[in-house]
Amino acid sequence: MSDLSTQQETTNLSVSKNTKKSALNKIGFGFLYLILGLFAVIQIYPLIWLVFFSLKTNQEVFGMSPFSLPQDPQWGNYTKAWTSGNIGLYFFNSIWITVLSVVLTIILASFVTFAVTRMNWKLSGLVLGLFLVAYMIPLHSTLIPLFNMYNSVNLIDNPASIVISYTTFNLPLTIMILLGFYKTFPREIEEAAIMDGCSVHRLFFKITLPMTIPVLSTTAIINMIYNWNEFVFVNTFISSDHWKTLTVGINNFVGQYLTDWGAIGATLVISIVPILITFLFLSDKIVEGMAAGSVKG
Amino acid sequence: MKKKAFSALLSLALMGGIVLGGCSSSSSSSDDSGKSSGGKTVVKMMHLWPEGSSKAQFTIVDDIIKDYEKANPDVDIQTEILGNEQYKEKIKVLSASNELPDVGITWAAGYMQPFVEGNMFAPLDDIVQKDQFVAGTLDAFSVDGKPYALPLELNITPVYYNKEIFKKYNLEVPKTYDEFLKVVKTLADNGVTPITLGNKDRWTGSMWFMYLADRIGGPEALNNAINRTGSFEDPALVKAAEEITKLVDMGAFVKGFNGLSNDEAKGYFMNEQAAMYLMATWELPNYTTSPDVSQEFKDKIGYFKFPTYEGGKGNIDSYVGGPGVGLFVSEQSKVKEEAKKFVAYLVEEWGKRSVVDAGVIPATVVDTSSGDLDQMYIDILNDLGNATNLTLYADVQMSASVADVHLNQIQALFGGQTTPKEFAKTQEEALAAEE
Amino acid sequence: MNKVMSNKFVIALYTLPALLLILVLIYIPIALSGYYGLMDWNGIGEMKFIGLENYITLVQDKVFWTSTWHSFLLAIFSTVSLLLYLAVSLVLASKIKGSDLLRKIYLIPMLLSSVAIAQLWMKIFDPTNGMANKLLEWFGMENTPIWLADPAIALYAIFIPVIWQYAGFYILIYYAALKNVPDEVIEAAKIDGANPLQIAIKIKLPLISGVFKVTIMLAVVGSLKYFDLIYVMTGGGPNGASEVMASYMYKEAFKLNHFGYGSAIGFGLLVICMLMTLLTSKLTKSNDDVQY
C-alpha cells in the first residue's frame with residue numbers, strides 16, 4: 001500500500017509543466033540520491049564493521065585497517081561468546097527487563113504528559129519543570145545514594161532495582177519527547193469525546209493513547225535501546241549471575257591485562273540482533289500508526 | 001472500566017513499592033551476610049578474572065574454591081566476577097556504602113592506603129607467613145609494618161623485541177643506553193617504528209621514565225623523591241626526563257602514542273609493525289603459551305633487560321615492576337576468621353598453580369623444577385632471582401591524586417607540552433603539597 | 001468539560017506515580033550530591049564537614065571551567081547538527097522512492113552500544129593504520145594528524161563520533177513529527193501550487209517547531225552532561241584537552257578519591273545545565289506555538 005502511494009508521489013513530482021525544470025529536477029534528484037546513498041553507506045558501515053570485527057583475532061583487530069576483512073574468520077568467537085558465561089540467561093534477563101521497563105516508562109510518561117497538557121491545574125508547570133530538571137542530573141552522581149537506598153530496602157541484587165531505575169531515569173526524556181508531540185495533536189476529538197460524556201480514563205486509553213502510537217513507538221525505540229545497552233546500574237546493583245544482563249556478558253571478556261576483543265565483537269553482534277528486529281518492527285509502527293490515527297480523525 | 005481499575009492498581013503498586021521501600025529502612029538488611037540456608041557460613045568474594053578473558057585464572061580460583069568447600073563442608077564461597085574497570089568502580093560504590101565483600105582484590109600501596117586508613121581492610125599479620133613471599137612483595141601491601149592484603153602476582157618489565165626485525169637491520173641486543181639509541185636510530189632511519197607505546201594510559205610512559213631514572217640515578221633517586229627524603233627536582237630525574245624528550249624527538253615511539261591505549265599499541269607489536277615494546281611480564285603468555293597467537297610469531301619474540309646508562313648509578317639487574325593485585329579481607333566482615341582462613345589457603349594454592357596453569361608469576365616463592373615451563377618463563381624467573389632491586393611502579397607508590405599529577409606530566413613530557421624542568425617541578429610541588 | 005478535565009483525583013492519579021519515582025530516585029540523590037559536596041570525603045572513610053570549601057574551590061578551579069567550556073562547545077555543535085538531521089528527515093518524510101529503506105538504514109548506528117562505537121572510532125582515528133589517515137594519505141597528505149593524541153584537535157575529533165552517535169535519535173524524532181503532519185494540510189498546499197521546498201519550509205517546519213524546541217533542549221542538556229565516548233576514547237586527555245564536566249566529575253569522584261569534590265562538580269554541572277536550559281528556552285520562546 002505504501003509502495004503505491006510512493007509511486008504516485010514520484011509521478012506527481014516529476015510531472016511538470018516545464019520541461020527545462022524537469023531536467024533540472026532530474027539532476028537535482030540524482031544529486032540528492034547520491035548524497036542520501038553516501039549517507040546510507042556511512043550509516044550501515046558500522047554494522048558491517050562490527051560483523052567483521054567479531055570474526056577477527058585479537059592480533060587482527062589491532063594493527064590491521066578497520067576496512068580489512070577477517071583473514072581467517074574466527075567463528076570460534078561466537079562459540080566462546082555463547083558458551084563462556086551464562087549468555088542465554090543474560091539474554092533472557094535483558095529481554096524481560098527491557099520490555100517491562102519500556103512499558104512502565106511509556107505508560108507513566110503518557111499519564112504525566114496527558115495530565116500536564118490536557119488537564120487544567122495550577123501546578124502543571126511546576127511538575128513539568130521537575131521532570132525537566134531531573135533530566136539534567138549526571139548518572140554517576142546518583143550511583144552511591146541509589147546504592148544506599150536500594151540496600152536499605154533490600155533491593156540490592158534484585159532485578160526490581162534495575163527495572164525501577166530504568167523506568168525512572170527514562171521518564172524525563174520520554175515525557176519531554178511526548179510533550180513536543182502532544183502539543184501538536186488536535187484537541188477537537190478529545191473535546192468532542194468529553195462532550196459526549198466520556199470519562200477521563202476512557203478518553204486517555206481509548207482515544208489519546210491510540211492516537212499517539214507513532215510517537216509512542218518512537219519513544220519505545222529510544223527507551224529500548226537505552227535499556228538494552230545500559231550497564232552501569234546492572235553492574236552496581238546486581239551481584240549474582242542469575243540477574244545479570246547481556247551488557248555484562250561483554251564484560252566477561254575484559255580481563256585484568258588481556259581483553260578478548262573478538263569475543264566482545266561476537267557478543268555485541270549477538271546482542272544487537274533482537275533490538276534490530278524489534279526496531280524494524282517498531283519503526284514501521286511510526287508510519288502505520290499515523291495512518292490509523294488519521295483515519296479515525 | 002477494567003482499564004480504570006488497572007491503571008489505579010498499577011499506580012498503587014508503584015507507590016506502595018516506594019513507600020514500603022522508603023519506610024522499612026535498615027531493619028532487615030543487616031543479617032543477610034553470614035549464614036545461608038542450611039546453616040552454612042557464606043563467604044562473599046569478588047574478583048576480576050572473568051571466564052571469558054581470563055579462563056586460566058578463573059579456573060584456578062574456581063578449583064581452589066571447590067577444594068576448600070570440600071575440605072570445609074560448612075563453608076559456602078560465593079563469587080562475583082567483574083571486568084577490570086567495572087571492578088574498580090563497584091569497589092568504590094561498595095566501600096562508600098560500607099558494603100565491601102568479605103574477600104576481594106586490591107592493588108598495592110597508594111591504591112590500598114585509603115582503605116586501610118578508612119578501616120576497611122582487616123590486618124592479616126596473624127595469617128601471614130613471611131618467608132612464603134618473594135622479598136619485598138608483602139611490603140607493598142603493608143601499612144605501618146602490618147600487611148593488609150596478600151599479594152598474588154609479581155611482575156617485572158623487560159623490553160620485548162622482534163628478533164626478525166633486529167636481524168633484518170643487523171642489530172644486536174643493546175647492553176648500554178648508547179647502543180640502545182643506535183638501535184632506535186637505525187630503525188627510525190629505515191622507516192620502522194622502533195618502539196610501540198600506548199601512552200593514553202599514561203602508566204605505560206611512566207615505566208620508560210622510571211627505568212631511565214633508575215639507570216641514571218639509581219633506584220634511590222625516584223624512591224626518595226616519592227618518600228620525601230629527596231626531591232623530584234633531583235638532577236638524575238631531570239636528566240631522565242631530558243632523555244625521554246630526546247627519544248621522542250628521534251621518533252623512537254609509534255605515531256600518535258599519546259592517543260593510543262596500551263591494547264592498541266600492543267597491536268603494533270603483535271602485528272610486527274614495531275620492533276620493541278616495554279611491558280610487564282603479564283604479557284608473557286602472548287609470546288609463549290597463548291593458543292590465540294601463532295607459533296611463528298612467538299618464535300620471533302625475545303626480551304632484554306633495560307640497558308645501562310654510562311656513568312649512571314643503576315645496574316642492569318634492577319627492575320621496574322611489583323606485585324599486581326592482592327587479596328584483602330574486609331574489616332566489617334561478619335565471617336572475618338573464616339575469610340582469613342580462606343585467603344591464606346587461596347594464596348598458597350595459587351602460588352602452586354599460577355605459573356604453570358595461567359602463566360602468572362605469583363608473589364609466592366616458585367619452585368621452577370616442577371612442571372614444564374616455557375624457556376622464557378624460566379629465564380624471567382631466574383632474572384627475578386638475581387634481581388638487585390625492584391622499584392614499584394611510581395603511580396602505584398603515590399596517592400591517587402599525586403599519581404594523577406605524575407601521569408599527566410608524563411603524558412605532557414612525551415607530548416612535548418612541558419619541559420623536563422617544569423615536569424620535575426610540577427611533581428615536586430604536588431608531592432610536597434601532600435606531605 | 002472543564003470540570004472533567006480539572007478532576008484533582010485524576011490529576012493526582014496520573015502524575016503522582018511518576019512524580020514519586022523521580023522524587024525518590026533522582027531528587028534525593030541530587031540533594032545528597034549537594035550535601036556530599038559540603039564534605040571532605042574520599043568515599044572510603046569518615047566524612048568531614050567543611051562547609052562551602054569544595055564549592056569555593058570549584059568556582060576557582062581552572063580545569064573545571066575548561067571542561068565546562070568543552071561541554072559548551074559540544075552543546076553548540078550538537079545543536080547546529082540538528083539542522084542537518086532535520087534536513088535529512090524532511091527528505092525522508094517526503095515520500096521519495098526508497099525513503100522507507102533509507103530511514104531504517106540511517107537509524108541503525110543508534111542501536112550500537114557505546115562500547116562498539118568507541119572501538120569503531122578508535123580504529124578510524126588510529127594514526128598509522130586508521131581509516132581517516134589512510135584516506136588523507138590517499139589524497140596525498142603527508143603529515144597526517146595524530147587525532148586523539150594531539151591536544152589541539154583531540155576535542156574536535158571526539159565530537160565527531162559523539163554527534164554522529166545521536167544522528168539516528170534525532171532523525172527518528174523528526175521523522176515521527178513530520179509524519180504527524182496531517183496529509184490534508186499538505187494536499188491543500190499542493191493544490192495552491194506550493195513546491196516541495198515551500199511545503200517543507202512554510203508548512204511542515206512551523207508545524208513541528210514544538211518538537212524542534214524540545215530537541216534543542218535535549219541536545220543542550222545531553223551535551224552538557226555527556227560522558228560515555230569521551231571517557232572510553234580519550235579519558236579526557238591528552239592532558240585534559242578533551243575533558244568535559246561529566247568526565248572530570250567521574251575522575252575526581254571515582255579515580256582520585258575526592259568524592260566530596262566530585263559531588264560538588266556534579267552539583268555544579270546541574271546548576272549550569274539549569275541555567276543553560278533557561279537561556280535556551282528564552283532564546284527559542286515564541287508566542288505562536290502552532291497547533292492544528
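Helices, as the word is used here, are DSSP runs of H or I with at least four residues, numbered from the N terminus. The exercises below concern a predicted model.

**Exercise 1. Describe the make-up of chain A and the contact between its two domains.**

Solution. Chain A has 14 helices and zero strands, and of its 297 residues 53% are buried. Among its contacts with a separation of 6 or more, 75% come from residues 24 or more positions apart. The chain is divided into domain 1, residues 17-76, and domain 2, residues 86-296, with 31 Å between the C-alpha centres of the two domains. To their contact, domain 1 of chain A brings nine residues and domain 2 of chain A brings seven residues. On the domain 1 side, the elements that give two or more residues are helix 2 (19-53) and helix 3 (58-61) of chain A, and helix 2 of chain A supplies the largest share, three residues. By residue class, this side of domain 1 of chain A holds four nonpolar, four polar and one charged.

**Exercise 2. Characterise chain C and the side of chain C that touches chain A.**

Solution. At the interface, 78 residues of chain C are in contact with 84 residues of chain A. The element giving the most to the chain C side is helix 1 (residues 8-36), with 16 residues. Sorted by class, that side of chain C comprises 55 nonpolar, 13 polar and ten charged residues.

**Exercise 3. Work out how helix 8 of chain A is oriented towards helix 1 of chain C, and which residues meet.**

Solution. Two packed helices are described by the angle between their axes and the distance between the axes. For helix 8 (residues 159-182) of chain A and helix 1 of chain C, the angle is about 105° and the axes are 9 Å apart. This angle makes helix 8 of chain A roughly perpendicular to helix 1 of chain C, since angles of 65 to 115 degrees count as roughly perpendicular. The residues that meet are A:I164, A:S165, A:T167, A:T168, A:L171 and A:P172 from helix 8 of chain A, and C:A18, C:L21, C:I22, C:L25 and C:I26 from helix 1 of chain C. By class, the residues of this contact divide into eight nonpolar, three polar and no charged.

**Exercise 4. Identify residues with the most contacts inside the largest nonpolar core, and follow B:L237 to its partners.**

Solution. The largest nonpolar core has 311 residues, and those with the most contacts inside it are B:Y160, B:A213, B:L237, B:L327, C:I158 and C:I171. Leaving aside neighbours within four places in sequence, B:L237 is in contact with B:A213, B:G217, B:A221, B:L222, B:A225, B:F232 and B:A424.

Notes. Residues are numbered from 1 along each chain as its sequence is written. Chains are lettered from A and ligands numbered from 1 in the order in which they are written. This is a predicted model: local features need pLDDT of at least 70, side-chain atom pairs count only at pLDDT 80 or more; totals for chains, interfaces and linings use all residues. Ala, Val, Leu, Ile, Met, Phe, Trp, Tyr, Cys and Pro count as nonpolar, Asp, Glu, Lys and Arg as charged, and the others, Gly among them, as polar. Domain bounds come from an automatic or database domain assignment. A nonpolar core is a set of buried Ala, Val, Leu, Ile, Met, Phe, Trp, Tyr and Cys residues joined through C-beta atoms within 7 Å. A residue is buried if 20 or more other C-beta atoms lie within 10 Å of its own, exposed if 12 or fewer, and partly exposed in between; C-beta atoms are placed from the backbone. Axes are lines fitted to C-alpha atoms, for helices over the stretch in contact, and angles run from 0 to 180 degrees between N-to-C directions. Angles under 35 degrees count as roughly parallel, over 145 as roughly antiparallel, 65 to 115 as roughly perpendicular and the rest as oblique.
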